[in-house]
Amino acid sequence: MKFLLRRLGFYVLTAWAAVTLNFFIPRVMKGDPVQSLINRFQGQIDQDAVHSLYVLFGLDKKQSLWQQYVDYWKEILHGNLGISFAFFPTPVSQVIKDSLPWTVALVGMATIIAVVLGTLIGTYLGWRRGTWADSILPVMTFFSSVPYFWLGLLFIALLAVTFPVFPASNAYTPGMTPSFSFAFLQSVVQHGFLPALTIVLSSVAGWILGMRNMMVTVGSEDYVTVAQAKGLPERRVMYGYAARNAVLPQVSSFALSLGFVVSGSLVMELVFSYPGIGAQLFAAIGAKDYPLMQGIFLVITVAVLLANILADVVYVFLDPRTRQEG
Amino acid sequence: MSNLPIDPAAAVPVDTESIVESAVEGPSTDPAHRKKKKFVFVRNAKSITGLVILAVFVVLAIVGPWIAPHNPNDVSLDLLAPPSGSHWLGTDHLGRDVFSQLLVGTRSVMIVGLVTGVGATLLAVLIGVSAGFLGGIPDEVLSALANIFLVLPALPLIIIIASQMDNAGSMVIALVLAATGWAWGARVLRAQTLSLRGRDFIEAARATGESTGRIVWFETLPNLTAIIASSFVSTVTFAVLSQTTLAFIGVTSISDWSWGTVLYWAQANQALSRGAWWWFVPAGLLVAVLGMALTLINFGIDEFVNPRLRLAGMSAREMRRSGIRPRIGFTARVRNLPRTYAHPTPVVSAGVRSSGEPVATTSDEPKETVR
């Protein structure tokens, strides 16, 4: 319990650090977002409106920094993330709400596939270490060090341009209205296949290597030797004794990786023009849309923090030793 | 479910601490042994491969701009030409030589990798070792700092920061990457320092009145070498990947050639739909090969540090040659050599040689040693 409380304190601290960082980033940045907004609307905004825009965006220079900081906190605690410049006058929270499901569904699915596949393959490779299975490892390192957006480019070139099997961009056929009809879902799956394949291929290697090394380490523990000496069936020793213990770090890294579901694939969305949170972030940077940038960064940080909390809880649940400590 | 062993000591999931633990035992035996052990790392086939590839890249980074056949910015009339004798990797949409762009770009990739690696490792050592050594409140503060940096999503942050600087050059990128990439190393180093601090030889040094500075520099740091090296190598990998990503999305200076810049131009000019594979395939391959080399070096270090992974580090053929039959599932068996040695002197069996602790046997009975 004490352990969890300590961790909770740490998360509060981290959340504070993230929000503070978030507050300062646009304020030390060059460029005037209101000016760029005015330029976009080419003289349609009169002088009074300009002033109210500055106040609205919290960029009023007459306020002290501290006052702005306090106001910023107030807004955030009320769930108000401000108004997007680029999608003026849509609120930031609405923009995020529209793009988040795409990212979470696609990357979440791909992550789960990669973890399950990687852990299973890793278990097998670790069990058979010192045989031909070890020669797969260099191939794995290649895939783990390849830049994943480049894999995406390759897939587009190969499977969307040369052999047009899958579409190269968007999340569904443009013109379709999102619904739960079969045709729409089919289109979504078709469009999501290449991005998902990219993520799975580039991340599965890490899961395989992690599981394999844990299996090798656990494999030389006494209890595995004893289990084998008892004459238990191979399969039972492999899954019931070795893999069960080796999988612990995998589970906690899985919980952690859930946090990166939101942020881990920013560039992938750029490559595939996928309408997720990453594409939104790039749009925000291009348009100097600070509220949206801040909002997205906040959402990503919160996701990572939640995943960390989940990882801690899962670990306490799975591993009795962390419970004894507390 | 019922017969899952819940022995706390046995079920330890290997976290960095326990891997690291065994590293410390390494360089503490007699000098002859130590010499032998020094070469264990270099003898490892994986690390040799990695080091050789890395060396090639380093050489290219130094001489690249001089041996490049063309100026990477020179526009020619061969627009989007496939690979040929004069343009080994074809040309881009302005007729610029892709091969030369990659050669020239190697330097900035390596510089970013090196500067980030050195910077982040220095920070990690400074923060990790002092946190581990000082303990108490400074430790709490420094660990919290490291943990915050671990949790904050690095890539979006880097993208936001880098996009604010007009034409961020390699140095700026390297510094930003170093400022965000030190935390993991610091955490590992802190854990290791904590475990070292209580060891007898440190206690002895303290008892003989050595200064704290001396204990840190001459007693602790040498024992952390392997971990520092490993954290350096992973930081370089992280830096190369991040720099390529940043250049690809165009937040770095696009006139500064690097592999990511080439990819940026390819993506921005529809290289994909125009079927210009020579434009984007080589750059990604270079990143992957460099990353692979660095990972292999890290494998070498890992196997050097964690003896349990070491046996598995031998190739299947090597094992057969030294008479090791891998038992599927648990510890490999070392079968003693056939009874050719009838002499009474102790014979060192060839098994498990990479561990540097050969199994000495005096009996000529064929028996099995389970290791």
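## Overall make-up of chain A

The secondary structure of chain A consists of 14 helices and zero strands. Along the sequence, the pattern accordingly reads α-α-α-α-α-α-α-α-α-α-α-α-α-α. The model described here is a predicted one.

Chain A has 326 residues, of which 42% count as buried. When contacts in chain A between residues at least 6 apart in sequence are considered, 73% of them join residues at least 24 apart.

## The two domains of chain A

Chain A is divided into domain 1, covering residues 1–78, and domain 2, covering residues 92–318. Between them, 14 residues of domain 1 of chain A are in contact with twelve residues of domain 2 of chain A.

On the side of domain 1 of chain A that touches domain 2 of chain A, helix H1 (2–28) and helix H2 (33–40) of chain A each supply at least two residues. The largest share of that side, ten residues, comes from H1(A). By class, the residues of this side of domain 1 of chain A divide into nine nonpolar, four polar and one charged.

## Helices H7 and H8 of chain A

Two packed helices are described by the angle between their axes and the distance between the axes. In chain A, helix H7 (residues 148–162) and helix H8 (residues 182–219) pack at an angle of about 135 degrees, and their axes are 9 Å apart. An angle over 145 degrees would count as roughly antiparallel and one of 65 to 115 degrees as roughly perpendicular; H7(A) and H8(A) are therefore oblique to each other. Their crossing is right-handed.

From H7(A), the contact is made by Tyr148(A), Leu151(A), Gly152(A), Phe155(A), Ile156(A), Leu159(A) and Ala160(A). From H8(A), the contact is made by Leu194(A), Pro195(A), Leu197(A), Thr198(A), Ile199(A), Leu201(A) and Ser202(A). The contact of H7(A) with H8(A) has eleven nonpolar, three polar and no charged residues.

## Helices H5 and H12 of chain A

By class, the contact of H5(A) with H12(A) has four nonpolar, four polar and no charged residues.

## Two individual residues of chain A

Gly210(A) is placed in helix H8 of chain A. Gly210(A) and Gly118(A) are 92 residues apart in sequence, yet 8.8 Å apart in space, C-alpha to C-alpha. Leaving aside neighbours within four places in sequence, Gly210(A) is in contact with Gly122(A), Pro249(A), Gln250(A) and Ser253(A).

Ser273(A) lies in the loop between helix H11 (266–272) and H12 of chain A. Although Ser273(A) is not a glycine, it has a positive phi of about 45 degrees. Ser273(A) is exposed, because 12 other C-beta atoms lie within 10 Å and a residue with 12 or fewer counts as exposed.

## Chain B and its helix H11

Chain B has 14 helices and five strands. Of its 371 residues, 45% count as buried. Among contacts in chain B between residues at least 6 apart in sequence, 69% join residues at least 24 apart.

Helix H11 (residues 259–268) of chain B is largely enclosed by the rest of the structure, because eight of its ten residues are buried. These buried residues of H11(B) are Trp259(B), Gly260(B), Thr261(B), Val262(B), Leu263(B), Tyr264(B), Trp265(B) and Ala266(B). What covers them includes H7 of chain A, together with helix H4 (98–134), helix H10 (212–248) and helix H12 (277–305) of chain B. Just after H11(B), Gln270(B) takes a positive phi of about 55 degrees.

Note on methods
Residues numbered from 1 in each chain as written. Chains lettered and ligands numbered in written order. Predicted model: local features only at pLDDT ≥ 70, side-chain atom pairs only at ≥ 80, totals over all residues. Domains from an automatic or database assignment. Contact = placed C-beta atoms within 7 Å. Helix = DSSP H or I, 4+ residues; strand = E, 2+ residues; numbered from the N terminus. Nonpolar A, V, L, I, M, F, W, Y, C, P; charged D, E, K, R; others polar. Axes fitted to C-alpha atoms, helices over the stretch in contact; angles between N-to-C directions. Parallel < 35°, antiparallel > 145°, perpendicular 65-115°, else oblique. Left-handed = near helix turned anticlockwise from the far one by under 90°. Buried ≥ 20, exposed ≤ 12 C-beta atoms within 10 Å, placed from the backbone.
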